[in-house]
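Open the model in your viewer and colour it by chain. The stops below follow one interface.

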Amino acid sequence: MKFPMKWAVSLHRQFAASILKFQQPNFTRLRLSRGLSSKAKPPVTMGAKKENSDDEMDEKVKKYLRGDAANLEGVKDKKLKGQLAVREDLYGKSAKTAAKIEKWLLPSEGGYLEAEGIEKTWRIKQESIAREVDILSSRNQYDIVLPELGPYTLDFTSNGRYMAAAGRKGHLAIVDMKTLNLIKEIQVRETVRDVAYLHNELFFAAAQKKYPYIYNREGTELHCLKEHGPVLRLQFLKNHFLLASINKFGQLRYQDVTMGEMIGNFRTGLGRTDVMQVNPFNGVVALGHSSGTVTMWKPTSSVPLVKMLCHPGPVSSLAFHPNGHLMATSGRENKIKIWDLRKFEVIQTLPCHAKTLNFSQKGLLAAGTGSFIQILADFSGSQNYSSYMTHSMAKGYQVGKVLFRPYEDILGIGHSMGWSSILIPGSGEPNFDSWVANPFETSKQRREKEVHSLLDKLPPETIMLDPTKVGTVRVPQKKEKPTKKDIEAEMEAAIETAKGTEFKKKTKGRNKPSKRATKRREMIDKAKRPFLEQQTQERETSRKKQKTNPETEMPKSLQRFVRQKAT
Amino acid sequence: MKVKVISRSTGEFTRERSQDLQRVFRNFDPTLRSQEKAVEYVRALNAAKLDKIFARPFIGAMDGHRDSIKCMAKNPNYLKAIFSGSDDGDIRLWDMASRRTVCQFPGHQGAVQGLTVSTDGSILVSCGSDCTVRLWNVSDANVADSDYLSDNSAKPQAVYVWKNAFRAVDHQWDGDLFATAGAQVDVWNHNRSQPVNTFDWGSDTTISIRFNPGEPNILATSANDRSITLYDLRMSSPARKVIMRTKTNSIAWNPMEPMNFTAANEDCNCYSYDARKLEEAKCVHKDHVSAVMDIDFSPTGREFVTGSYDRTVRIFQYNGGHSREIYHTKRMQRVFCVKYSCDASYVISGSDDTNLRLWKAKASEQLGVVLPRERKKHEYLEAVKNRYKHLPEVKRIVRHRHLPKPVYKAANLRRTMIEAERRKEQRRKAHSAPGSIMTEPVQISLKSVYEMRLRRHAKFSNVPLPPNKQDNYQYYIKLKLGTVPACNLHLYVQNHQPQPALNRKHEISPASVK
């Protein structure tokens, strides 16, 4: 069999180096396994399998193509057309190579949970999973019981290595999840409502009683962000280095954590809320309000991008699928709704209550309420979510927050009696990218990555509903205002049609020429009226505009004393 | 129940020993990296800014001549060697790496007007205003020898004295003929003291000459009578001719597309022509603010460099209307000759201030050894920049160049003047009878001369014009000239040529063609 030496040549430059690294060790291994399998199986099934794998391959290629190819039909410049065709060809090839890499060269495979016989996956208990998996994984099932400092909330770093836990009564803790070492814990002696990691594990922000604070890993207070006020929920946009917060008064603020600049400050005007989530796909912040609306915000506009009525009662939580096309919301009326964000339509309504929601990297949806946690999954791939796993905590525990740990099959749960961690097979992305998020990052790598991510820091303007629009041409949508000439021509035409109308023959007395003339005049006037009205309206608005100008308000003799505005 | 969860042992994903390289894993899944396009755009913007920061094109000046440098020649055998000839008759061979004179070739009495090297790099041909052509032996020793000897001077292998002063010389790319330009075009053999062939079309002095790199027998010349003429050595007569509004100072053939050449014109522009179709220029390269003195193509054929009387050197794309790059220094005076180095990565300019200057062809390119990772990074940034070059912010940064004040002012003035002239022309057209004012072409080729004459002929003799414009030429030949030999045709052009305007106040007022 032929193997990747050929593909690597055509690959996108950016990727080429890493593939070469992958190739060598896997080369022999794959050849061996394929050789064995082809001997064992009859040729007929091989054919069928090949077709099947072709479909699978096509789907993967489509994922890497990132949209349709450009339509070159209308391009007149032959040279440009040729160049673009070559470029498209290259894109196609690189997508194919990436798909092949995904199929053959990725080092680990995802987790799974399969029921046998009459078993159902949602009846499988954590204890039985613990018996089946390796010791290393079973260590990830635990409950940390901290009853005094009560309900806990969590946040993970983007590589899933570190966890920050915040107890309502002022307990802040940082844990290395790989070694399960407590790195630092501090008591801030006031209410802590939320905690959020900044770009790496060195810094985290905690929303405390009056203000949010930024601490470093050693627990030293670095900044007090007084402008934010009493913040209820904190979120960090890691591409933009923005810290977004929503406070008690319903004010949404964005602060650039690199320069300390306040980027945006918006009053939502929809009351107090602590439901806030960033869409990781495009950086848009969504807020769920007590009126049942969900609003989506960007830091460069004072009005929400989207305002959608999702529930009849208050929205209790919301979550975004990592691919950005799905949103899950839950309302107090015991409904979870799954929304398609491309059409802003409900895809599915599930009858269950959720105080907290979270999507995993592979698209599992965790919903927590009371002491009960349910995991939903779409097995068909057609966004039809159904129950996958359930988990009940000890009675009396109130789940405050569920959060999947990135790159692991683990769900972190913050509850009233501490925090817990359970295994959810198939929830995490099995293969990490060292340049995106590396769970085994060394301090040197972390430093390097910090520099690079700062170089690639996106300006706040790049937050928009469709992030693929960056660098494309905006088609002008505004209609041109009709010119004076056009309006006149239109009026003439209307008058002509009014003049040309034929009258019905009326009875004697009503058919007099004088009556017919007045009728015709009336019709012409009627045709003219809208145009004349529009004209007068325009004249008035322009006069109003003039009036507001301070220079025209003054008597002419005083106008020269008016101070000129600095330009 | 079958169950599997992700379980990574640290040993598999980290290096074994501290001397090992860190292990790197890739996953190209688009959902892992959000807002890819925005990130790419920011990278492009940063790359454009970094390019500006690192743009230090000037490498060094080569000092030694005692008069302004008139001509240069590349040595095809040695990448780092270049010959230069100056107004005082001095010819020097330079080592560009150490920026020193390696060898001198004394002998010319007046200015050295032309230099060229044979294709094998062994013979240097020089010509000058002292009516001599000198052949010099370029031994390998004096190029390769790096230790500097001040009295390292060569003796000419041959000196051929001829009737008139020479203005330019060029060697065949493949063969041992060379051609000189002067009162006429002479073709010489290395071993004969007299030209083997002589061409003449028109009475004015030929000022530049270049052989075609693809077809060794074709050469292009430009003359003081504002013409560009193509010759074929296999024929006894010149092949084609174009007359421009102003004279052409130099010509360069595109080495990769050898049917195309670019002419450096006195009217501040360069004109790219297809030698097969001289009716119209393929591209007009505008940006200089004074006469373009010399032009040389990059060996890649994608770019060329021009030197101008406005004391700047510019680099153009072969198909770009405006320059990609402008080089200038405070001390550089009027540039008379430029050359692109044989590896397409350096540019050499020779100017009035007796110095040769060495520039990088890409201003922000990193010199020295570039490690593969670094190179890949550069390539990536280049690609990203190329992808987003049309966006206003990136475009603004990439396009911006600091110009010396006189050039900046002159460019503004020139723009205003051209605009004013255009407006005036428009108004004249608008206020005259339709069809009474014709827009003059910048150049006329012989074909259009025929056309004009044909039109006149048709007007006086009431012969209808042929319907197809393409056939005009053939038709005219058939109709009127019969079997007139091609070499006489130039007489017509000569007779009907308008005199150039005598009181030219500035370069751009073009002599009108009636």
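**The interface of chains A and B**

Show both chains as surfaces: together chain B and chain A bury about 5,300 Å², with carbon and sulfur atoms making up 56% of it. Buried area here is the accessible area (1.4 Å probe) that two parts lose on being put together, summed over both. Select Met1(B), Arg8(B) and Phe28(B) next; they supply 17% of the area that chain B buries against chain A, more than any other three residues.

This is a predicted model, in which local features need pLDDT of at least 70 and side-chain atom pairs count only at pLDDT 80 or more, while totals for chains, interfaces and linings use all residues. Residues are numbered from 1 along each chain as its sequence is written, chains are lettered from A in the order in which they are written, and side-chain values use heavy atoms, leaving out hydrogens and water.

Now select the residues in contact (heavy atoms within 4.5 Å): 69 residues come from chain A and 43 residues from chain B.

Go to Lys2(B) and Glu114(A), which form a salt bridge with their closest N and O atoms 3.7 Å apart. The rule (a side-chain nitrogen of Lys or Arg within 4 Å of a carboxyl oxygen of Asp or Glu) finds seven salt bridges across this interface.

Last, show the cartoon, where helices (H or I, at least four residues) and strands (E, at least two) are DSSP runs, numbered from the N terminus. Strand β1 of chain A, residues 112-114, pairs with β1(B) in the antiparallel sense over three bridges; pairing requires that DSSP finds at least two bridges. Tyr112(A) stands opposite Lys4(B) there.
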